[in-house]
Amino acid sequence: MNQIRIKIEKLLENQLGIKDIKLEIPPESDWGDFSLPCFQFSKELKLSPNKIAEKFKEIIKDNLISKTEIKGPYLNIYLNKKEVMKDIFSPKKAKKKSKKKEKVLIEYLSANPNKPLHLGQARNICIGDSLVKISKYLGYETHAGTYGDDSGVNVGYNLVGHLYYNYPLKTDKKFDHYSGEIYMSMKKREEEGGENFKKQISSIISHIEKNDNLKISKLHEEYTRRCAIAQFESCWKINSFFDFVTWETDILKLGFFKETIEKLKSMGFVKFADKGEAKGCWILDLSDEEEFKNTRNPYQILIRSDGTITYPAKDIVYAIWKLGFLDRDFFYKKLVQQSNKDWIFTTSSEKKESEKKDFGNYDRAIAVVDNRQTYAQNVVKTALKMLGYLKGDKKYHHLAYGVVYLTPQTLIDFEFNLTEKEKKQDRLPFSSRKGWFVTIDGLFDMLIEKIKNGSKNKEIPFKKIAMGVIRFDFIKTDIQQDIVFDLNKAIDLKGDTGMYVLYTFARISSIFEKAGSNIAINKIDNNSINNLKENLEWEIIKEISKKEEIIEEAFESLRPNILAQYLINISRLFNSYYEKHSIIKSEESIKTARLFLLGKIRETMREIMRLIGMEELDKI
RNA sequence: GUCCCCGUAGUUCAACGGAUAGAACGAGAGCCUUCUAAGCUUUAGAUGGGGGUUCGAUUCCCUCCGGGGGCACCA
């Protein structure tokens with residue numbers, strides 16, 4: 001449709017002798033297919049917009065246009081459906097995607113490896129993985145990466161639990177859930193006080209970061225990797241996969257940070273603060289940057305006065321690696337084979353058994369990180385800019401998505417105790433500190449239960465449905481908007497949900513099954529297409545022909561949510577069509593044409609569903 | 001103090017500066033002896049207040065009111 005629009009725009013520019021014509025789509029479909037608002041020409045031509053529309057109407061003529069109509073200041077254009085359909089359905093349109101040269105990294109999830117994944121992270125996963133799939137569809141060489149923060153206090157709790165408080169490594173439970181239990185119990189112990197516990201924690205953290213105790217380093221690696229793998233299993237359930245995981249401890253062990261910071265010092269970007277609040281620290285001076293001028297502290301501390309490294313510093317170094325400006329690379333080895341048979345690789349600090357991989361040196365690095373971290377991400381971006389790394393074709397994007405909150409009722413449904421005050425809130429944030437583990441696994445199981453109970457057919461693949469419903473639910477809302485998760489709404493499978501889309505698809509498949517397989521719907525001549533005379537059919541054709549431009553826009557504007565909306569639109573159009581017009585029972589030539597159209601709808605829906613991580617089903 | 005985001009039907013969400021502000025849930029009224037009723041059709045119902053820019057503002061600017069988040073020698 002976009003090509004048609006551009007064609008018509010060019011045509012009008014020639015015929016009317018005006019530059020940069022932008023056509024719009026009328027709000028009502030019976031007002032035409034395109035519309036030219038004439039206000040903009042009023043000043044130049046010294047005529048009222050209505051008069052201009054009349055004048056233009058006389059001039060415009062083409063075989064792609066069947067008629068033009070004036071509606072006030074708008075000149076509405078009706079396309080010649082036959083010609084346009086020929087164009088849209090011509091076989092040469094189905095050309096293969098050309099490979100693009102840019103190399104893209106999408107970093108998402110980036111969870112602490114010490115507890116199960118919660119629903120807030122589900123949104124991150126759904127957005128991140130959808131972008132990966134879209135990027136690959138568009139022909140980019142694409143890697144999905146995740147950052148494992150395995151050096152901080154979080155993991156420390158769990159190791160202390162294991163070493164000093166009788167939590168064995170062996171367990172029948174899913175390891176991330178087991179970790180969550182240990183984490184909670186250690187948190188409790190900390191709150192109860194005790195100098196001994198504090199000492200144990202800080203000693204463990206120190207050993208992890210310095211890598212100076214073989215026993216602890218080994219335990220740490222086993223623990224975090226096992227937990228991460230359990231988390232990845234949750235991702236696979238919802239059709240999300242990774243290429244590699246970067247461990248923070250590897251950045252430290254390989255000395256990337258030290259080298260980078262020395263380089264930055266010598267370049268003069270990193271300075272030693274000899275006075276003020278940050279006295280004794282090494283800082284990145286941001287005071288010349290417009291964005292930070294009015295902030296309280298126009299600098300970022302990279303090295304604390306005790307010589308330890310801050311999180312933003314690690315983030316900056318990692319970002320430099322992403323864009324290929326770090327002179328060195330990690331070592332890599334296989335971590336685990338995913339349910340789709342592809343392996344996740346893990347960074348490693350040891351050369352032996354390292355495999356050669358082409359991770360790193362990306363042209364476009366997209367970080368899917370929630371909007372609370374916009375400031376921190378701006379620091380990273382500014383640092384890259386100051387260093388001159390964002391010149392040329394290198395791009396660093398922060399996809400700032402809105403945070404997921406919970407309704408109090410949802411927490412009650414998951415059997416957590418709330419205070420009276422908490423019960424009265426509109427929404428509550430996820431809090432692992434309070435032990436509110438509303439997990440992806442938990443939601444997944446509840447959904448399956450719900451679908452089983454609501455289904456007449458007991459043979460359908462419940463897991464795929466649950467997967468599709470979750471994927472759709474977490475991506476349908478505008479990306480930057482915060483969302484409030486309510487369990488009852490999420491498992492209520494009516495209306496604008498993934499279920500609606502899955503159901504619609506199955507409905508179409510069912511028609512094909514009833515129609516029999518002897519109809520050659522892929523081969524259709526122009527005469528048959530001309531049997532598609534209904535308005536709704538024309539609406540559908542226009543809608544499905546927007547596919548490519550919508551996918552492109554979803555990626556460029558980092559808004560995969562528009563694909564979910566698009567699926568709803570197509571589904572709604574089809575369902576209306578289905579009610580109004582019978583397909584199988586129509587006359588033979590019309591039936592052929594309609595089945596052809598249905599095939600196109602099904603193909604379009606399948607492609608879009610796959611891009612947002614849903615899997616289509618022929619039966620529900 | 002300062003920076004950012006958000007205020008649209010009862011609720012959850014839409015709307016490149018364009019025509020009559022769209023959906024879904026919930027509420028009301030219909031539609032299955034005919035291709036899957038997890039569906040379709042239909043009724044009622046909304047832009048926080050005030051300025052400005054514009055032929056035209058939910059959208060851009062200012063201001064007020066209300067809600068949230070950030071600005072750590074936390075990660």
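Residues are numbered from 1 along each chain as its sequence is written, while chains are lettered from A and ligands numbered from 1 in the order in which they are written. Local features of this predicted model need pLDDT of at least 70, side-chain atom pairs count only at pLDDT 80 or more, and totals for chains, interfaces and linings use all residues.

**Chain A overall**

Chain A contains 24 helices and 16 strands; helices (H or I, at least four residues) and strands (E, at least two) are DSSP runs, numbered from the N terminus. The C-alpha trace of chain A spans about 85 × 65 × 55 Å along its principal axes. Of its 620 residues, 37% count as buried. A residue is buried if 20 or more other C-beta atoms lie within 10 Å of its own, exposed if 12 or fewer, and partly exposed in between, with C-beta atoms placed from the backbone. Two residues are in contact if their C-beta atoms lie within 7 Å. Among contacts in chain A between residues at least 6 apart in sequence, 72% join residues at least 24 apart.

**Sheets and strand pairs**

Strands of a sheet pair through backbone hydrogen bonds, either parallel or antiparallel. Here two strands pair if DSSP finds at least two bridges between them. The table lists strand pairs with their bridges.

| Strand pair | Sense | Bridges |
|---|---|---|
| S4 (residues 103–107) and S5 | parallel | five |
| S5 and S6 (residues 244–247) | parallel | four |
| S8 (residues 282–285) and S9 | antiparallel | four |
| S14 (residues 404–406) and S15 | antiparallel | two |

Seven of the eight residues of strand S5 (residues 141–148) are buried, so S5 is largely enclosed by the rest of the structure. Between S4 and S5 the chain passes through helix H5 (residues 119–137), and this β-α-β crossover is right-handed; that is, with the strands pointing away from the viewer, the path from the first strand over the helix to the second runs clockwise. Lysine 103 has glutamate 141 in S5 as its bridge partner, and tyrosine 147 has threonine 246 in S6.

An open, antiparallel sheet of three strands has the order S7-S8-S9. Strand S7 (270–272) and strand S9 (299–303) are at its edges with a single partner strand each, so one side of each lacks a neighbour in the sheet. Neighbouring strands of this sheet are turned by 40° against each other on average, direction ignored. Aspartate 285 is bridged to tyrosine 299 in S9.

Another open sheet of three strands, in the order S15-S14-S16, has mixed pairing. Its edges are strand S15 (428–429) and S16, each with a single partner strand, so each has one side without a neighbour in the sheet. Tyrosine 405 stands opposite proline 429 in S15.

**Lysine 357**

Lysine 357 lies in the loop between strand S11 (343–348) and strand S12 (364–370). It counts as partly exposed because it has 17 C-beta neighbours inside 10 Å. Leaving out residues up to four places away in sequence, lysine 357 touches Tyr332 and Phe345.

**Surface near RNA strand B**

RNA strand B is surrounded by 71 residues, and the closest are Gly152, Asp478, Gly495, Ala506 and Ser510. A residue is near the strand if its C-beta atom, placed from the backbone, lies within 6 Å of it. The elements that each supply at least two residues of this surface include helix H12 (311–322), helix H16 (440–454), strand S16 (483–485) and helix H19 (498–515). H19 gives the largest share, nine residues.

Notes. Axes fitted to C-alpha atoms, helices over the stretch in contact; angles between N-to-C directions.
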